[in-house]
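Please keep the sequence and the three-dimensional view at hand while reading.

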Amino acid sequence: MTGANGNGQAAEFITVGAGDAARRIAIALQPPAAGNDLAHFVWLGGYRSDMSGTKAVELAGLAARLGTGCLRFDYSGHGASGGAFVDGTISRWLEESLAAIKHAAGAIGARRIVLVGSSMGGWIALRAVAELARQSDIDIVGLVLIAPAPDFTSELIEPNLTDAERTALAERGQFEEPTPYGPDPNIYTLKLIEDGRNNRVLTGAIETGCPVHILQGMADPDVPYAHAVRLMEHLSGDDVVLTMIRDGDHRLSRPQDIAKILEAAETLARGQ
């Protein structure tokens with residue numbers, strides 16, 4: 001064990017991939033209380049976010065109050081994990097997510113889980129449901145999707161590329177853009193965009209096999225709320241609740257937003 005995450009809990013590491021593709025992934029596991037049979041929480045963060053963020057720590061706090069388990073982790077190139085950010089793709093971060101979830105299943109018995117995905121994490125959650133249904137006995141009992149950004153590379157980035165950005169992708173394999181969320185610009189690589197096309201989910205019916213609660217800010221400057229409505233239409237076979245927060249931004253990290261997120265997560269964990 002080494003280091004600590006946002007609530008002081010020690011982080012441990014697992015290795016995902018082999019050879020040159022191997023990277024150390026930092027994870028934080030909270031075991032459930034003895035005899036607690038609520039579903040465990042799994043946090044799936046957004047692009048350039050980490051497990052010490054406000055929503056992730058608040059979810060861990062909810063798990064502690066309920067006596068259930070919780071898994072948080074950092075994708076490669078994020079937070080305390082190894083690997084270069086510019087090597088990241090949806091497939092790569094999905095592989096790490098699946099490895100962390102399977103590790104949690106063995107380490108703390110997290111076999112009934114609620115996936116809580118924020119922004120890009122919502123896309124990864126939808127991909128993880130499909131993969132876990134095929135290759136494990138882990139039961140996804142619910143999804144909480146916060147300002148979900150499925151297919152954001154092909155739906156939100158590619159159509160809006162400037163000529164300069166297209167040139168940068170062709171010549172340098174990446175482009176940068178300023179972000180209001182920190183001093184460093186966002187970096188979008190050609191490999192991320194190309195890989196995103198292979199992980200699209202908004203191409204037909206999405207079958208999660210579990211209840212889904214989407215929370216979306218109508219003042220979100222990064223993911224238009226129409227994107228959440230479109231996602232809901234693709235989830236036509238599931239029990240889906242869409243909560244629109246009129247003055248909510250992309251982060252949805254205000255106390256009133258957090259309260260709605262935690263209420264949705266607790267409801268799904270209890271199977272209500």
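## The largest pocket

The largest pocket has a lining of 38 residues, and those nearest its centre are Tyr47, Tyr181, Asn186, Asp222 and His250. About 1,000 Å³ of space lies in the largest pocket. Its lining residues divide into 17 nonpolar, 13 polar and eight charged. Here Ala, Val, Leu, Ile, Met, Phe, Trp, Tyr, Cys and Pro count as nonpolar, Asp, Glu, Lys and Arg as charged, and the others, Gly among them, as polar.

The model is predicted: local features need pLDDT of at least 70 and side-chain atom pairs count only at pLDDT 80 or more, while totals for chains, interfaces and linings use all residues. Residues are numbered from 1 along each chain as its sequence is written, and side-chain values use heavy atoms, with hydrogens and water left out.

A pocket is found on a 1 Å grid over the protein atoms alone, as an open set of points where a 1.4 Å probe fits, with protein on both sides within 12 Å along at least five of seven lines; lining residues have an atom within 4 Å of a point. Grid points are joined across faces, edges and corners, and the volume is the space filled by probe spheres set on the points.

## Parallel strands

Helices (H or I, at least four residues) and strands (E, at least two) are DSSP runs numbered from the N terminus. Two strands pair if DSSP finds at least two bridges between them.

| Strands | Sense | Bridges |
|---|---|---|
| β6 (residues 112-118) and β7 | parallel | seven bridges |
| β7 (residues 139-146) and β10 | parallel | four bridges |
| β10 and β11 (residues 240-245) | parallel | six bridges |

Individual partners can be followed from strand to strand. Val116 has Val144 of β7 as its bridge partner, and Val144 stands opposite His213 in β10. Ile146 is partnered by Leu215 in β10, while Ile214 is partnered by Leu242 in β11.

How many residues of strand β10 are buried? In β10 (residues 212-217), six of six residues are buried, where buried means under 20% relative accessible area, exposed over 50%, and partly exposed in between (1.4 Å probe, protein chains only). In a regular strand the side chains alternate between the two faces of the sheet. Both faces of β10 are covered, with Val212, Ile214 and Gln216 on one side and His213, Leu215 and Gly217 on the other. Strand β7 is also mostly covered, since seven of its eight residues are buried.

## Helices between the strands

β6, α3 and β7 make a right-handed β-α-β unit. A crossover is right-handed if, with the strands pointing away from the viewer, the path from the first strand over the helix to the second runs clockwise. β10, helix α7 (residues 225-234) and β11 make a right-handed unit of this kind as well.

Helix α3 (residues 120-135) has 16 residues and spans 22 Å from its first C-alpha to its last, close to the 22 Å expected at 1.5 Å a residue. The expected span is 1.5 Å times one less than the number of residues. Because 12 of its 16 residues are buried, α3 is largely enclosed by the rest of the structure. Among the buried residues of α3 are Trp123, Ile124, Arg127 and Glu131.

## Selected single residues

Most residues other than glycine have a negative phi. Arg48, which is not a glycine, has a positive phi of about 70 degrees. Arg48 is found in the loop between β4 (40-44) and α1, and is partly exposed, with a relative accessible area of 35%. Ala147, again not a glycine, has a positive phi of about 45 degrees. Ala147 lies in the loop between β7 and α4 and is buried, at 0% relative accessibility.

Is Pro180 buried or exposed? Pro180 is exposed, with a relative accessible area of 71%, and lies in the loop between β8 and β9. Pro180 and Ala64 are 116 residues apart in sequence and 32 Å apart in space, C-alpha to C-alpha. Ala26, in strand β3 (residues 23-30), is buried at 0% relative accessibility. Ala26 and Pro148 are separated by 122 residues in sequence and by 23 Å in space, C-alpha to C-alpha.
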